[in-house]
Amino acid sequence: MKEALPDLVARFRVRHGLFRKERVEAELFELDSYGCVMKTDKMFNPGDTIALDLVMDMPFDKIRAENLTGLVTERRKHCSNFFYSIDFSDFRSDGDTVLEEKLRRIREVLSKKQSLKSRRSSGSMPGFRQMA
């Protein structure tokens, strides 16, 4: 299984009964302009609609794409959790909403973080030993 995306979580509320709601944070494993893959132990069915906030809190920057509406398109069970494929349904065709800009910025920062991480992990240990 892939690793969760760094510094990014999805927050949403789940209703329990008539008056009680629970705030849930879930890890994201994929994100693109059309949707995301989220892992949680909460139960949703394909066809359900979820309102979520994508939150990327880092020491130097805090980016939040709030009130994204998503449609659950697929559910896969993994141990006691589920992976949900969620398609974003908020975006208009004109392409210049504030929400789209925030989502684009989150994807841009994620891309940079992942490329830095891959450079470090593929690492040049032999080159490091030569320097020492």
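## Overall make-up

Of the 132 residues in the chain, 32% are buried, where buried stands for under 20% relative accessible area, exposed for over 50% and partly exposed for what lies in between, with a 1.4 Å probe and protein chains only. The model is a predicted one, in which local features need pLDDT of at least 70 and side-chain atom pairs count only at pLDDT 80 or more, while totals for chains, interfaces and linings use all residues. Residues are numbered from 1 along each chain as its sequence is written, and side-chain values use heavy atoms, with hydrogens and water left out.

The secondary structure consists of 2 helices and 6 strands, which follow one another from the N terminus in the order β-β-β-β-β-β-α-α; helices (H or I, at least four residues) and strands (E, at least two) are DSSP runs, numbered from the N terminus. Among the contacts in the chain with a separation of 6 or more, 54% are between residues 24 or more positions apart, a contact being heavy atoms within 4.5 Å. The chain exposes about 8900 Å², of which carbon and sulfur atoms supply 50%; accessible areas come from the Shrake-Rupley method with a 1.4 Å probe, and for residues only the protein chains shown count as cover.

## Salt bridges

A search of the whole structure gives 10 salt bridges, each defined as a side-chain nitrogen of Lys or Arg within 4 Å of a carboxyl oxygen of Asp or Glu. Side chains of opposite charge can pair when their charged atoms come close. One of the bridges joins glutamate 3 to lysine 117, with the closest N and O atoms 2.5 Å apart. This pair links distant parts of the chain, since glutamate 3 belongs to the segment before β1 and lysine 117 to helix α1 (residues 98-122), 114 residues apart. Glutamate 3 is exposed, with a relative accessible area of 54%, whereas lysine 117 is partly exposed at 43%.

Another bridge, at 2.8 Å from N to O, is formed by the side chains of glutamate 25 and arginine 11. Here too distant parts of the chain are linked, with glutamate 25 in strand β2 and arginine 11 in strand β1, 14 residues apart. Arginine 11 counts as buried, its relative accessibility being 16%. Glutamate 74 and arginine 76 also meet in a salt bridge, with an N to O distance of 3.3 Å; glutamate 74 is partly exposed at 36% relative accessibility, and arginine 76 is partly exposed with a relative accessible area of 36%.

## Positive patch on β1 and β2

Arg13, Arg15, Lys21 and Arg23 form a positive surface patch, and β1 (9-16) and β2 (20-31) each supply at least two of the residues in it. Patches are made of residues with over 30% relative accessible area and no salt bridge, like charges being joined within 9 Å and nonpolar side chains (Val, Leu, Ile, Met, Phe, Trp, Tyr) within 5 Å. Lys and Arg count as positive and Asp and Glu as negative, while His and the chain ends are not counted; the place of a charge is taken as NZ of Lys, CZ of Arg, CG of Asp or CD of Glu.

Arginine 23, one of the patch residues, lies in strand β2 and is exposed, with a relative accessible area of 52%. Glutamate 30 also lies in strand β2, but this residue is partly exposed, at 40% relative accessible area. Leaving aside residues up to four places away in sequence, glutamate 30 touches Lys2, Leu5, Gly35, Cys36 and Val37. Its C-alpha atom is separated by 9.0 Å from that of serine 85, although glutamate 30 and serine 85 are 55 residues apart along the chain.

Asparagine 67 is found in strand β5 (residues 62-78) and counts as exposed, at 58% relative accessibility.

Methionine 58 sits in the loop between β4 (49-57) and β5 and counts as buried, at 3% relative accessibility. Apart from residues up to four places away in sequence, methionine 58 touches Asp7, Val109 and Lys113. Between methionine 58 and aspartate 7 the C-alpha to C-alpha distance is 6.8 Å, with 51 residues separating them in sequence.
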